[in-house]
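Trainee: I would like to learn how to read a structure like this one. Please take me through some features one at a time.

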Amino acid sequence: MSAWRPQLAAAAGIFQRDLTVFLSYRWRLGTQYVGVLFSLAVFYYISRLVRVEAFATPTAYFSYAAVGVIILQVLQVTLDIPVAVRQELVAGTFERMAVSPFGPVASILSLFLFPIASAILTMLVTLTLTAVVFGLDPSWSRVPLAIPVAAVGALALGAIALLFVAMIVRFKQAPGAAYVLAAISLVAGFYFPVELLPWWLSWASDVQPFTPAVDLLRHLLVGLPLRASAWGDVARLVGFSAVLLPVGVAGLSLAIDRSRRLGTLTEY
Amino acid sequence: MGAGMPLTDDERLRVAHPADPRPTPGQDAEPLLVVEGLRKHWRGRPAPTLDELDLELSPGEVVAVTGRNGTGKTTLLRIIGGLVAPDRGLVQLDGIALGTRRRAYQRQIGLLTPGDRGLYARVTVARHLDLWARLALLDTQARAAAISSVHARFDLADIADLRVDQLSMGQRQRVRLALVFLHAPRLVLLDEPATSLDVVALGFVRRAVDELARRGGMCLVVVPEGADPGLEAGRALVLRDGRLERA
């Protein structure tokens, strides 16, 4: 453990730095949650306007969509990391990380800590807003179980974000990030059940980690029934993370090595 | 220095902060930094920037490298610092080859890149020092000692609680230099360290380099041809056509 202590302290230092920068923008925290409130309000009124077979009551659909809003926040925060790395490269601060004993790969991995913590906080605030403003009754007793599920889900997302970071480091741009966000929100069932997808698209809901993450979080946060077994969802989520993370780290390492050769780590 | 003649910055500096006598590196001292056959050919350039370049630095040595713009001085520092990979050649520091045992190699390096980049505008000086001490993987006690040492050495007490966007260019350069010396590296690589510094701040750099040399460290400083490196170098070299020559 003592051998890891300096590494943990370095990672904590990057977390503190990100927190300091975040808090230095005084309005950022408030505006972030105002955006969430507006999204929730939209789905609240849609749930009151439209009646569909798949949901017995308007509240059932609202609770379904509210978890989708939560997951979208997590996804958005994670996919902002490549943008943060780009800023580090442009500002020249990444050079310092690259020459430090802690190293560039560990530094970039540490850049995920604050967004993941922020995403979990956002999840809790969003849940509170659904209860206080929109009268939903979340399963508060299960919320502690939802936190590790959200964290593993964020890891799987993080692995995909790592590949985008690798593209940013190597090619200076990652043009697909916005499309990934849109595609995942479509095929992972953020706002409607994946069973409604056409047959030629429904396979896509099974080959990424977000469908089981959304399914588990819905069950834990608002008590909706699971589509598959809980252990099956957990196994898929952990499996995706276990496969995608090493791929993401390897891709990033390759991108950094290549950029060292091309000189683009310094002249971004 | 005739009576009534204004002093140059360098002369004032020597009066204000006389350099401590630096030990002459022993003739038989084994070089700690060995660079052999270094080559780097940037894409789009007609000729290699560095071509079969050799360099050795022994403990206690301060070496200045000058050269025209674009001759590869910054490239040389960045390669030794581990930021840029060479096409071929050997860089070895205290027996550790660049590209092997990365962490052990980087622990011994302090690199000042040119310009005023590399700081977070909305973060205080104190937070910068703490962050970079952590990235250097210093333990808690060593961090406190290192931060306290550079506070004194670069006179940072008055600006420690200020954010970088509240600092002048010269103050930023002092912070950047403090980060270079923070983890007591064995080899300090300085790219145009005098940028934006006043005569007093230049004195801080000279003293830091003197202390480094006294404890057996080495310093490689690069400046454009004709510019004052702001340091007393034991050896001066010129980078020309990809190789180093005596000035």
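Mentor: Start with a definition: helices (H or I, at least four residues) and strands (E, at least two) are DSSP runs, numbered from the N terminus. This is a predicted model, in which local features need pLDDT of at least 70, side-chain atom pairs count only at pLDDT 80 or more, and totals for chains, interfaces and linings use all residues. Residues are numbered from 1 along each chain as its sequence is written, while chains are lettered from A and ligands numbered from 1 in the order in which they are written.

Trainee: In which helix is A:Ala235 found?

Mentor: A:Ala235 belongs to helix 12 of chain A, residues 230-262.

Trainee: Why does A:Ala235 count as partly exposed?

Mentor: A residue is buried if 20 or more other C-beta atoms, placed from the backbone, lie within 10 Å of its own, exposed if 12 or fewer, and partly exposed in between. A:Ala235 counts as partly exposed because it has 13 C-beta neighbours inside 10 Å.

Trainee: Which residues of helix 5 of chain B are buried?

Mentor: They are B:Arg143, B:Ala146, B:Ile147 and B:Val150. An arc is taken from the directions from the helix axis to the C-beta atoms. The buried residues of helix 5 of chain B fall within an arc of 95° seen down the axis, so they line one face of the helix. On the other side of this helix, B:Gln141, B:Ala145, B:Ser148 and B:Ala152 are exposed.

Trainee: What do the buried residues of helix 5 of chain B pack against?

Mentor: Contact between two residues requires C-beta atoms, placed from the backbone, within 7 Å. The buried residues of helix 5 of chain B pack against helix 4 (125-135) and helix 6 (169-181) of chain B. Just after helix 5 of chain B, B:Asp155 has a positive phi of about 50°.

Trainee: In which sense do strand 1 and strand 2 of chain B pair?

Mentor: Two strands pair if DSSP finds at least two bridges between them. Strand 1 (residues 33-40) and strand 2 (residues 50-57) of chain B pair in the antiparallel sense over 5 bridges; B:Leu38 has B:Leu53 in strand 2 as its bridge partner. Strand 1 of chain B also pairs with strand 4 (residues 88-93) of chain B, in the antiparallel sense over 5 bridges, and there B:Leu33 is partnered by B:Leu93.

Trainee: How many residues does each chain bring to the contact?

Mentor: Chain A brings 27 residues and chain B brings 29 residues. Helix 1 of chain A gives the most to the side of chain A that touches chain B, with 10 residues.
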